[in-house]
Amino acid sequence: MRTVVENAAIATVSGPEYRNGYVLIDGDRISGVGGGAFRGEADERVDAGGCLVTPGLVNTHHHLYQWATRGLAADHTLFEWLVALYPVWGRLDAEITHAAASAGMARLARTGCTTVADHHYVFPSGGGDQVAALAAARARIGVRLHLVRGSMDRGESDGGLPPDRLVESTEDALLGTEAAIDRFHDPDPGAHLRIAVGPCSPFSVTEKLMTGAADLARRKGVRLHTHLAETLDEQRQCLAETGRTPAEYADLLGWLGTDVWLAHTVHLAPDAIRRFGATGTGSAHCPTSNGRLGTGIAPVRDLLDAGAPVGLGVDGAASNESGGLGEELHQALLQARQRGGPTALTTREALWLGTMGGARCLGREGELGSLEPGKLADLAVWDLSGLNYAGIDDPVAALVLAATPPLSRVFVGGKTVVERGRLKLADESVLARELTAASMRLREDR
């Protein structure tokens with residue numbers, strides 16, 4: 001199948017921009033990008049007049065199961081929020097997780113996201129096959145999924161935040177993670193499903209699990225992910241327990257490197273930022289979630305200047321009820337400028353964070369993140385024809401600074417998953433009913 005998306009503004013991210021141009025798709029790959037009219041043959045011609053074509057956005061951090069618990073603990077600090085919600089999450093089963101993940105990935109696709117990194121660390125006893133539930137939801141919506149098999153082995157009785165009944169033993173956590181890799185991980189360059197290793201956070205995980213997880217990931221050739229340096233509470237606890245900051249502790253345990261990306265990284269000292277750059281450690285910047293929980297503003301400009309990969313994350317919908325990725329371009333720019341002034345982040349750098357920056361965090365910069373021949377045909381076609389964008393001459397500025405545009409098309413591997421703002425593979429009314437029922441089940445049991 002050969003498809004050409006034409007008559008559109010094109011932002012390749014990696015190279016030139018075109019005021020009027022085309023992207024040619026052959027099968028699951030981009031085979032051409034250029035300015036002016038496409039003169040060749042195509043099986044389908046998509047007239048994208050009035051639109052901006054960008055790479056599909058890459059979401060580097062999420063907790064899809066949290067779509068079933070949006071709106072709770074609305075005025076809490078992070079630690080208070082976790083303590084309030086852990087007991088609710090302890091009632092998750094595979095059906096609830098599937099409904100929540102399906103709704104969450106639907107929302108992401110409808111905001112330009114084509115690749116999702118989901119950090120799932122809640123495995124209640126009797127909760128069914130959580131990993132399979134997430135994998136099935138991915139197939140239902142059609143996006144790519146980097147499923148981070150998370151874990152917790154430090155409950156309240158050991159000084160952690162989760163209830164003891166919600167944590168696994170260290171051995172079970174590592175065995176469960178290895179089983180997920182063996183069953184689901186696809187190393188192929190065009191993969192739709194990959195597995196990463198992701199102990200939840202330093203305050204819910206033992207040192208033994210952190211080091212064991214790093215060893216497992218490197219033995220299996222997969223990536224590592226966890227939360228780090230999100231709040232000052234975390235920093236105080238880490239200093240009290242280990243005598244080190246969270247970044248120093250991660251470094252000690254072998255958790256910095258080109259195969260690692262870390263969520264939030266809000267509270268980093270200058271030497272930690274330099275270490276991130278020197279080691280190629282990635283950062284998943286979650287501006288809306290950080291604002292919702294009041295955790296602070298990440299040093300994005302400093303990380304970029306140090307050479308660290310930085311991508312964008314929505315984070316769980318229980319701390320970002322909107323759940324869309326397109327709007328994070330806007331939020332990232334605002335927060336960077338609030339922290340560092342009006343030149344701290346440009347509109348095109350914000351788009352880079354949401355595309356190539358995210359691809360670098362996930363180790364897929366050779367396949368995703370820019371519009372180049374040979375790369376996977378993951379595209380977002382943003383409709384800028386409406387009143388919200390009238391008079392804005394620069395289409396990238398319209399995308400980043402104005403309201404998040406509707407999607408004319410979203411392609412994943414050359415296949416349409418969103419058309420004229422609607423899902424192609426799933427019925428949104430069915431997803432909404434399933435999510436409502438899942439949320440009611442959780443809350444009725446409170």
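Predicted model: local features only at pLDDT ≥ 70, side-chain atom pairs only at ≥ 80, totals over all residues.

Reader: Why are Tyr-65 and Trp-89 called an edge-to-face aromatic pair?

Author: Rings of Phe, Tyr and Trp (its six-membered ring) pair if their centres lie within 6.5 Å; planes under 30 degrees apart are stacked, over 60 edge-to-face, and the rest tilted. For Tyr-65 and Trp-89 the centres are 5.2 Å apart and the planes stand at 90°, so the pair is edge-to-face. Tyr-65 lies in the loop between strand S6 (57-59) and helix H1 (78-89), and Trp-89 lies in helix H1, 24 residues apart. Helices (H or I, at least four residues) and strands (E, at least two) are DSSP runs, numbered from the N terminus.

Reader: How do you know whether Tyr-65 is buried or exposed?

Author: Buried means under 20% relative accessible area, exposed over 50%, and partly exposed in between (1.4 Å probe, protein chains only). Tyr-65 has 0%, so Tyr-65 is buried. Trp-89 is also buried, at 0%.

Reader: What makes Tyr-65 and Tyr-121 a pair?

Author: Their ring centres are 6.0 Å apart and their planes are at 90°, so this pair is edge-to-face. Tyr-121, at 4% relative accessibility, counts as buried. Tyr-65, Trp-81, Tyr-86, Trp-89 and Tyr-121 form one aromatic cluster.

Reader: What makes a set of residues a nonpolar core?

Author: The members are buried Ala, Val, Leu, Ile, Met, Phe, Trp, Tyr and Cys residues, joined through side-chain atoms within 4.5 Å. The largest such core has 119 residues, and Trp-81, Tyr-86, Trp-89 and Trp-255 have the most contacts inside it. Helix H2 (residues 94-109) gives the largest share of this core, 9 residues. A second, separate core of 16 residues includes Ile-30 and Val-33.

Reader: Why is the charge of Arg-149 said to sit over the ring of Phe-123?

Author: The rule asks for NZ of Lys or CZ of Arg within 6 Å of the ring centre and within 35 degrees of the ring normal. The charged end of Arg-149 is 3.7 Å from the centre of the Phe-123 ring and sits over that ring.

Reader: How do you know what span to expect for helix H11?

Author: The expected span is 1.5 Å times one less than the number of residues. H11 (residues 326-340) has 15 residues and reaches 22 Å from its first C-alpha to its last, close to the expected 21 Å.

How values were computed. Residues numbered from 1 in each chain as written. Heavy atoms only, no water.
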